[in-house]
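Please keep the sequence and the structure in view while following the numbered points.

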Amino acid sequence: MALNVTVSAPDQESWTGQAEKVVITSTTGQVGILPGHAAMVTTVDIGMLLIETSENEWIPMISFSGIAVVNNDYVQILLSAYEPAPRMTEEAADEQLREALNNLSTANEDDTMNKVLMSQKVKAASSRLIATQ
């Protein structure tokens with residue numbers, strides 16, 4: 001028995017396939033989904049999205065905010081955006097994270113919107129670093 005998984009985002013081609021496992025970064029932590037999982041809806045946060053295919057191949061992606069719906073071995077992940085795991089060195093990903101952290105620390109305290117955007121960039125850069133390891 002396998003999961004039928006669809007990852008969708010506006011203006012991006014959907015990823016669809018069968019999987020043995022799916023690991024989602026939710027706003028409350030990581031959620032692992034296996035065949036036979038109870039029906040649920042959860043929010044998805046910026047972070048790693050891991051899909052283990054029926055061929056035991058892991059497909060890592062960086063997810064941006066959205067929701068995931070699980071029902072009868074169907075997993076629909078609807079995101080604002082997603083990207084495949086970066087093809088960069090760990091050093092390059094680490095540099096991106098350092099730059100994002102620096103931008104966050106120097107952001108104007110009164111510019112809340114900019115601080116939120118910088119915080120999201122830190123999460124994305126952190127996920128890219130994890131994906132390179």
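1. Helix 2 (residues 112-132) has 21 residues, which at 1.5 Å a residue should span 30 Å, and its end C-alpha atoms are 31 Å apart, so the two values agree. The expected span is 1.5 Å times one less than the number of residues. Helices (H or I, at least four residues) and strands (E, at least two) are DSSP runs, numbered from the N terminus.

2. The model is predicted: local features need pLDDT of at least 70, side-chain atom pairs count only at pLDDT 80 or more, and totals for chains, interfaces and linings use all residues. Residues are numbered from 1 along each chain as its sequence is written, and side-chain values use heavy atoms, with hydrogens and water left out.

3. Which residues of helix 2 are buried? They are Met118, Val122, Ala124, Ala125, Ser127, Arg128, Leu129, Ala131 and Thr132. Buried means under 20% relative accessible area, exposed over 50%, and partly exposed in between (1.4 Å probe, protein chains only). These buried residues pack against strand 5 (47-53), strand 6 (58-63), strand 9 (82-84) and helix 1 (90-105). Contact means heavy atoms within 4.5 Å.

4. Side chains of opposite charge can pair when their charged atoms come close. A search of the whole structure finds 2 salt bridges, a salt bridge being a side-chain nitrogen of Lys or Arg within 4 Å of a carboxyl oxygen of Asp or Glu.

5. Lysine 123 forms a salt bridge with aspartate 45, and their closest N and O atoms are 2.9 Å apart. This pair links distant parts of the chain, 78 residues apart: lysine 123 is in helix 2, and aspartate 45 is in the loop between strand 4 (40-44) and strand 5. Lysine 123 counts as partly exposed because its relative accessibility is 36%, whereas aspartate 45, at 18%, counts as buried.

6. Lysine 21 forms a salt bridge with glutamate 52, with 3.4 Å between the closest N and O atoms. Lysine 21 lies in strand 2 and glutamate 52 in strand 5, so that this pair, 31 residues apart, also links distant parts of the chain. Lysine 21 is partly exposed, at 35% relative accessible area, while glutamate 52 is buried, at 9%.

7. Serine 26 is placed in strand 2 (residues 15-26). Is serine 26 buried or exposed? At 3% relative accessibility, serine 26 counts as buried. Leaving aside neighbours within four places in sequence, serine 26 is in contact with Val31, Thr42, Thr43, Val44 and Asp45.
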